[in-house]
Protein chains: 6
Amino acid sequence: MELFWPEVKELVIRALHEDLGQGDLTTMSLVPADAQTRGIIHVKEDGVIAGLRIAGLVFELLDPALCFTARVQDGDQVKKGDVLAEVNGLARPLLIGERVALNFLQRLSGIATKTSRCVELVTYYQARIVDTRKTTPGLRALEKYAVRMGGGKNHRFGLYDGVLIKDNHIRLAGGIKQAVIQARQAISHTVKIEVEVENLAGVAEALEAKADVIMLDNMSAETMKEAVHLVGGQVLLEASGGVCEESLVEVAKTGVDLISIGALTHSVRSLDISLDVESIKISEQKN
Amino acid sequence: MELFWPEVKELVIRALHEDLGQGDLTTMSLVPADAQTRGIIHVKEDGVIAGLRIAGLVFELLDPALCFTARVQDGDQVKKGDVLAEVNGLARPLLIGERVALNFLQRLSGIATKTSRCVELVTYYQARIVDTRKTTPGLRALEKYAVRMGGGKNHRFGLYDGVLIKDNHIRLAGGIKQAVIQARQAISHTVKIEVEVENLAGVAEALEAKADVIMLDNMSAETMKEAVHLVGGQVLLEASGGVCEESLVEVAKTGVDLISIGALTHSVRSLDISLDVESIKISEQKN
Amino acid sequence: MELFWPEVKELVIRALHEDLGQGDLTTMSLVPADAQTRGIIHVKEDGVIAGLRIAGLVFELLDPALCFTARVQDGDQVKKGDVLAEVNGLARPLLIGERVALNFLQRLSGIATKTSRCVELVTYYQARIVDTRKTTPGLRALEKYAVRMGGGKNHRFGLYDGVLIKDNHIRLAGGIKQAVIQARQAISHTVKIEVEVENLAGVAEALEAKADVIMLDNMSAETMKEAVHLVGGQVLLEASGGVCEESLVEVAKTGVDLISIGALTHSVRSLDISLDVESIKISEQKN
Amino acid sequence: MELFWPEVKELVIRALHEDLGQGDLTTMSLVPADAQTRGIIHVKEDGVIAGLRIAGLVFELLDPALCFTARVQDGDQVKKGDVLAEVNGLARPLLIGERVALNFLQRLSGIATKTSRCVELVTYYQARIVDTRKTTPGLRALEKYAVRMGGGKNHRFGLYDGVLIKDNHIRLAGGIKQAVIQARQAISHTVKIEVEVENLAGVAEALEAKADVIMLDNMSAETMKEAVHLVGGQVLLEASGGVCEESLVEVAKTGVDLISIGALTHSVRSLDISLDVESIKISEQKN
Amino acid sequence: MELFWPEVKELVIRALHEDLGQGDLTTMSLVPADAQTRGIIHVKEDGVIAGLRIAGLVFELLDPALCFTARVQDGDQVKKGDVLAEVNGLARPLLIGERVALNFLQRLSGIATKTSRCVELVTYYQARIVDTRKTTPGLRALEKYAVRMGGGKNHRFGLYDGVLIKDNHIRLAGGIKQAVIQARQAISHTVKIEVEVENLAGVAEALEAKADVIMLDNMSAETMKEAVHLVGGQVLLEASGGVCEESLVEVAKTGVDLISIGALTHSVRSLDISLDVESIKISEQKN
Amino acid sequence: MELFWPEVKELVIRALHEDLGQGDLTTMSLVPADAQTRGIIHVKEDGVIAGLRIAGLVFELLDPALCFTARVQDGDQVKKGDVLAEVNGLARPLLIGERVALNFLQRLSGIATKTSRCVELVTYYQARIVDTRKTTPGLRALEKYAVRMGGGKNHRFGLYDGVLIKDNHIRLAGGIKQAVIQARQAISHTVKIEVEVENLAGVAEALEAKADVIMLDNMSAETMKEAVHLVGGQVLLEASGGVCEESLVEVAKTGVDLISIGALTHSVRSLDISLDVESIKISEQKN
């Protein structure tokens, strides 16, 4: 569940290419080829960090001689003003990579921070916070990683590693029971079956069908409480649908096992992080 | 400034591959190969739409026979409940593509909607709303397109198509004047030079250096007003730094030409859009 | 669990490029550009077919005007001499694509045929035949598809969609129980946990640890029978390790739920299939 | 005729991505990040090795700090129990890479072993064993390399580096002679022309047409002997069609120069090779 | 020896992406989305055409609805003023694709034209004009195709489909004879062996070694004549080294079989071709 | 404006793959695996060098242990016979990479040399030499880099980083003035607007429309002089259309600011550069 680095590298190269195109007009015009500098990455608000190694990779790909030193680790809680990392080396690649490195770091830290806030809110309940498939196209592996760094759990990664039977599927299969049986026969024995239900009757039917997980879709807290009672720990229960930070505790109090929140990844404020170039030294040979 | 479709196609294929992996376990287990259906994409809150053709491409790539009919166009203002598009055809590819299509459409419409709100706020001022390079890695072309759909203007696309001289560059070049001259010599004659300044002295110096655009970095509204007065229309003035929807009008009132807002792309709430499968018809041969 | 066609297309293009390089010297030298022909793909031994649509795609990519008509479907049992498909159109692309189309079709049909033989051997037992991760690098999706076409079931696709705890993992976690608990906490709630054990004590421990599936590694039929008795249907049991067609029935008789066979994909004889060009008609304009 | 490593690297990355997806759930859940270990790759049956450096590359791509030490070389004859290589370093990447490394190594060694057996059978004859284009799509370069490691020779790599005129081509060109002349005019002067014939009349005609190589297609040993006599060393003769290990010596005795065998690559049993993790040491800081 | 279109398509997409980036600022700003037009591609000097279908593909990839009609074929001799093709459809994609289409067409036609001039010069001699590996990186398949369109022959495509033994190789192998023998043993029997020699002694040695082709490197016409005499038609002779249009006839007169000319591809003047947009019609709905 | 190396690396890998295919038959047959050698790259005519680091990258990608030492730098003026670089290491990768390295180096140096000649011709005038978009598809970044190395300036890189309004655009927009206004509104404020005009009336109109640059298309020197007079330094003037080395000084004398020359990249003679392998040492262990 760590990142697969050859893939991350490809994402970073694409991002660099996207920003850099045929070159950084400003830096190449104004910064001498041999100017050295130090960049300090610090955070301008409290939060949880994710993506530091990716930021480091940005600089490494631009110039393997740039020295990137992390001062904190992914998953760390940081305070406004904390230094996250230091980059030393030639000024050109450092200035060129700044924006791309921050774009990754800020977005992923934004996700980790939001997740962490949610996780903290339910500390005293048994519910775990899980993400969804509502991620940025192309960045799912990174965003789900950021959720983990924030203390959240990952739901299935895609359509391929978990079964989630929704109303359309149920209708087609002729009922919850038939749907679960049909899916069980078709899929690998290593994958669980989750069924989305909309009321207590659905819960009962899913239970009888031996679903592995039941998703309570947009139910009231009251109904969810009854569902928890009905299920009595036989299968996992996941609350889903429009849960926000405000309603989170109320949902957790119902006793569900999992609460999935799409906004962890689809509606995120980037964490405010910046890179300050402390001083630029032009090598002495130059002068 | 339209999208380059072979590139969009590549992004969509990556996104599909990311979500689909070796297959949609649920749909392939439960939905008959010949079941037909109709999906209705509608919006659940007011907003501005961007990405409809990309959503259509998702379905087309999964099954060229799926018929995607847009009911509105990118850039259109829509109301809660409006139907955006209809998809008709086999149920399997329709259900499989749902999430990826919505992930593109919701994020881009979120950007267009936020941009549109900002643009509307400054309707009666001369300032234009512009974006920044604070975009999601790999999706810049799409996100800048969404900004345009929301009525905003694009700032430079990357480091390669515009010069933006910041404090670090100025320090290295020995002052604003030298920096502008040096850049002018190095770059193509088709590209303008923008200089970031922090106070009125900087404005004056940049003006003298014949910069094409001056960026007023984190200045108070008061100072910006003076800058506008000082410049007297000789060059464009761009307000930048921490502008949010609340402070936007105040900034616009200063008379600047451009207001750049990173949050247009780095901190966006997805627009709430969903796809409802109306009814599933299993073809008669089956029965 | 169908194939993701944009990915298959990429595999086919690579395969064509690999075989075709800068061109088919023989065909381009000797076959007139407008010669028309018909190719008949027939099978030269009994078997089960897989990969027909991929073969069709080979021809379609070389010339969209080539008309490929399948006479049987993937998964069909065929007899020596049966016609599998017909290709009509220009002789050049038809002759050029022949080998690549057959290379896909023969290998996948070889896998489907072998799987089918195994499945048939255990028809009267409850055991299902499953594959492994011992697939050809780069072709896993296709080979697992061929296993399904042969009537087999797929085990997990990769390291990412199922947990399989082996002895090394157990040793590190301090025992089966700890390993299962630790894994349960780390992974998504949608994925099952399978534990590999080597003796009955291991079975008992895994059972107690609430593993979802227990793999009986290289056990004698006698021991497996006892394991089946011990488990009493509480969890799934998978027999694994060196099972071949000869020993299959004996293993199935033990009452295990699953029998995994690496040789389904790592040691396969291609099914003998050939393409005969019936007659070549040179278009009349030519003469 | 060595491998082109940037291409092999791409194949390995694809294979890793295929197996690893978003991560190895088991290893990442259970193996501490700093656990060290040693893996021993040994062979469980006699054979010839091919692909060791590719196996090493698998580990290197997962973690450049993993130390892979080969104990034998590609092309070496090994005995059951021989150690092929040792891998030292972090336990996580070692366990993660195991299956992909073995999948390459076992398949290629399977090919090398089978080739070697064939080569040995004809040691005392002048015939050389050559492969065909019946290779796994996408892996031709690797599989032809394995044939070389087994002591075999490569036939043409694809349609682009040799001319092989078959019956269809001959029919179209109006006879063997015309076909050879026409091909000679069309192709580069660096490439030879081989003609497939089905009887002695064809041999005579190809000889007269000055073909460079004559392929004897599915002829009886008797007829091949006559062909050898007829040709008298003027051109190379290749026996082709359904030759298996059993009939190989009989074919070699006819005096042909080359014997091509499709099964070298299309129907191979993987060599039984495994990786044993000897002991896992958790670094002391951990404790 | 036709082009492999999926590969050409990839080249064209790259070229479009390179020129188009995030969009054609001028056309998208000024040309209405529904404006229709007709473009006429005509040639402004005499020459031989190559690359017309590639030019057509450029437009097709930008807009499948653009109608590209070729008026001549690749390989045709054209006169100043001749119309090569017509493109009808939307003005935007037509204007956007113009430069990329011409860049391919002009360069390839430049190569075809130069080749054709050389071929014509030696019409009455037996020598054929062949190209070299001195091609533009990434465009070899296209440039060798253009040589064929100009009436030239292709030498080997790369290092992989022909043996060319040069002085360094000879020195290492201990002489021409040993080199030829060693190569013969190592390579496929489908590939010929060419040896580069610098004097008549070399010719004699290569002849004795049974090389298939002898390259006469930088020899005087006189020496070449003697080589032709010495060889007496037993093997092919290729003249190489600094042959230009001026010296071509003299070289051809020596009686060599092949004359290779690097400048066919490494030093080419593009053929002057332009696209004129005849008239732009804005659809009536617009008005 | 330096090159983006991950992209250059991809171009080099493609070029190597193109030339190398499944391997260098000659070198692998004849050069021992452990033979060491030294290659000297020297230039056989006067010129300006571009692409040395790319040549070095070719060797590095084939064998990271090859030691490439540049003796001059890109942009340096060199004399016939000068040594450009030295490569030391294994003979195989050195011989294999020779042609690809030279293909890049010769073409780019050809461009730099031609550019440098043009730049020198106008030394005493204010005009700067600029390139065009008439570059080799796929190699624009490299070719524009070579122009800079030759002392030239780059015009816009593509359709995306500059506006160039041509006659078609003007006609559509209803005149120069409207076109400039319309473009100004549509594009980013960081990009300049250039207008192509055919006569003095056009110059006056463009001036009034506040175009940033005016392109004088195919005007006589006389007219251009008048244009320079008319404009009086208010905007930049670019001479364009059929300028060759012969007419260059005459054009420069008119006083224009920029002279664009398509032939800098579309019609280039490669600089004559070769690699000599000095001596091949076979390592002692071998003997």
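This is a predicted model: local features need pLDDT of at least 70, side-chain atom pairs count only at pLDDT 80 or more; totals for chains, interfaces and linings use all residues.
Visitor: How is the size of an interface given?

Guide: The size is often given as the accessible area lost when the parts come together. Here chain C and chain A bury about 1800 Å² between them, and 54% of that area is on carbon and sulfur atoms. Chain C brings 24 residues to the contact, and chain A brings 24 residues.

Visitor: Which residues of chain C lose the most area to chain A?

Guide: They are C:His189, C:Thr190 and C:Lys192. Together these residues account for 39% of what the chain C side buries.

Visitor: How far apart are the closest C-alpha atoms of chain B and chain D, which no contact joins?

Guide: The closest C-alpha atoms of chain B and chain D lie 9 Å apart. Chain C and chain F are likewise joined by no contact, and their closest C-alpha atoms lie 9 Å apart.

Visitor: How should I read a pair of aromatic rings?

Guide: Such a pair is described by the distance of the centres and the angle of the planes. Over all chains, the structure holds 9 aromatic pairs. One of them is formed by A:Tyr160 and C:Tyr160, with 5.6 Å centre to centre and 75 degrees between the planes. The pair is edge-to-face, because planes over 60 degrees apart count as such.

Visitor: Where do A:Tyr160 and C:Tyr160 sit in their chains?

Guide: The pair crosses between chains. A:Tyr160 is in the loop between helix H5 (140-149) and strand E7 (163-165) of chain A, and C:Tyr160 is in the loop between helix H5 (140-149) and strand E7 (163-165) of chain C.

Visitor: Is A:Tyr160 buried or exposed?

Guide: A:Tyr160 has 6% relative accessibility, so it counts as buried. C:Tyr160 is buried too, with a relative accessible area of 7%. Another aromatic pair, F:Phe59 with F:Phe68, is stacked, at 6.2 Å centre to centre and 25 degrees between the planes. F:Phe59 is buried, with a relative accessible area of 1%.

Visitor: Which ring does the charged end of C:Lys144 sit over?

Guide: The charged end of C:Lys144 sits over the ring of C:Phe157, 5.1 Å from the ring centre. In chain D, D:Lys144 lies over the face of D:Phe157, at 5.1 Å from the ring centre.

Visitor: Which residues of helix H7 in chain E are buried?

Guide: In H7 of chain E (residues 176-186), the buried residues are E:Ile176, E:Ala179, E:Val180 and E:Ala183. They cover an arc of only 95 degrees around the axis, so they are on the same side of H7(E).

Visitor: What covers the buried residues of H7(E)?

Guide: The cover includes strand E7 (163-165), helix H6 (167-173), strand E8 (193-197) and helix H8 (200-208) of chain E. Helix H2 (25-30) of chain F is also included.

Visitor: What is the phi of D:Lys210?

Guide: Phi of D:Lys210 is near 65 degrees, a positive value in a residue other than glycine. D:Lys210 is in the loop between helix H8 (200-208) and strand E9 (213-217) of chain D. With a relative accessible area of 61%, D:Lys210 is exposed.

Visitor: Where is F:Lys210 found?

Guide: F:Lys210 is in the loop between helix H8 (200-208) and strand E9 (213-217) of chain F. Phi of F:Lys210 is near 65 degrees, again a positive value in a residue other than glycine. F:Lys210 is exposed, at a relative accessible area of 60%.

Definitions and conventions
Residues are numbered from 1 along each chain as its sequence is written. Chains are lettered from A and ligands numbered from 1 in the order in which they are written. Side-chain values use heavy atoms; hydrogens and water are left out. Buried means under 20% relative accessible area, exposed over 50%, partly exposed in between (1.4 Å probe, protein chains only). Helices (H or I, at least four residues) and strands (E, at least two) are DSSP runs, numbered from the N terminus. The arc is that of the directions from the helix axis to the C-beta atoms. Contact means heavy atoms within 4.5 Å. Rings of Phe, Tyr and Trp (its six-membered ring) pair if their centres lie within 6.5 Å; planes under 30 degrees apart count as stacked, over 60 as edge-to-face and the rest as tilted. A charge sits over a ring if NZ of Lys or CZ of Arg is within 6 Å of the ring centre and within 35 degrees of the ring normal. Buried area is the accessible area (1.4 Å probe) that two parts lose on being put together, summed over both.
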